[in-house]
Amino acid sequence: MRIAICDDDKSVLMQLSDTVGGLLERGDELQAFEATELLYEAHERAPFDAVILDIEMPGINGIDIGWELKRLYPHTYIVYVTRFPNFAMEAFRVRAFHYLLKPVSPTDLSWVLEDIREGYASLAPGTLEIESREIHAYEKLSDILYMESFLHKLTLHTRLRSHTFPGRLGDYEEALAGKGFYRVHRSYLVNLAHVKSIRGRKVWVDDSGPIPIGDNRKLGELYAALSKWRREHL
């Protein structure tokens, strides 16, 4: 899970970072920001799963940046931390997951992060869980573009980010069977919902470059699978 903390008070930022850092699990990533503009730029490049955010800050305040974070990635969990209880209604209009008053206790943060993890887990069956020694994340099936295999590593490409981790493509082919995915090549598994065109023995998935199709048999099977998926879903 990718977690961000943003607070313009350096002492509070360090305290929150230390507390959350002690609660991280395998594969979690934590980044800290003193300015909402820097948080936004990082979120735009690779969305955070959870953001712990102060409200009263110079520049773009926490409420306004919350709207922008949600606009970029609606599934981000936003947890507000503030000294002022009167912002609660504004925070929940942003669909904030939680609202904590400073000073924030480690116990409260622990409960909130555990609730967020359970929230991600409960998204199934519309999500894919990725778990290895290096990462533990959940991605919505509708956001997945394709998965590729290279040198005993898998890379999962979504509309917003990519994950690289050790694994076997065949295991994910089995996990995604019957969910609109097709293995076009021994190294590629594509989401039929995002197929834009097929030319020759290459397939284009959204704005990605061409993905090779294994052979003429695979090409015929891809056309059949894509036709069946479109009849059932369009």
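Lys and Arg count here as positive and Asp and Glu as negative, while His and the chain ends are not counted. On that basis, the mean positions of the 29 positive and 35 negative charges of the protein lie 10 Å apart. The model is predicted. The protein has 234 residues, of which 47% count as buried.

**Overall build**
- Seven helices and 15 strands are found in the protein.
- Along the principal axes, the C-alpha atoms fill a box of roughly 65 × 35 × 30 Å.
- Among contacts with a separation of 6 or more, 52% are between residues 24 or more positions apart.

**Surface**

**Nonpolar cores**
- The largest nonpolar core has 21 residues, and the members that touch the most others are Phe33, Leu39, Phe48, Val51, Leu53 and Tyr80.
- Two or more residues of this core come from each of these elements: the strands β1 (2-6), β3 (50-54) and β4 (77-82), and the helices α2 (36-45) and α3 (62-72).
- Leaving aside residues up to four places away in sequence, Leu39 touches Ala4, Cys6, Phe33, Phe48, Val51, Leu53 and Leu69.
- Phe33, Phe48, Val51 and Leu53, which Leu39 touches, are also among the members of the core with the most contacts to other members.

Terms used: Residues numbered from 1 in each chain as written. Predicted model: local features only at pLDDT ≥ 70, side-chain atom pairs only at ≥ 80, totals over all residues. Heavy atoms only, no water. Core = buried A, V, L, I, M, F, W, Y, C linked by side-chain atoms within 4.5 Å. Buried < 20%, exposed > 50% of the residue type's maximum accessible area, 1.4 Å probe, protein only. Helix = DSSP H or I, 4+ residues; strand = E, 2+ residues; numbered from the N terminus. Contact = heavy atoms within 4.5 Å. Charge placed at Lys NZ, Arg CZ, Asp CG, Glu CD.
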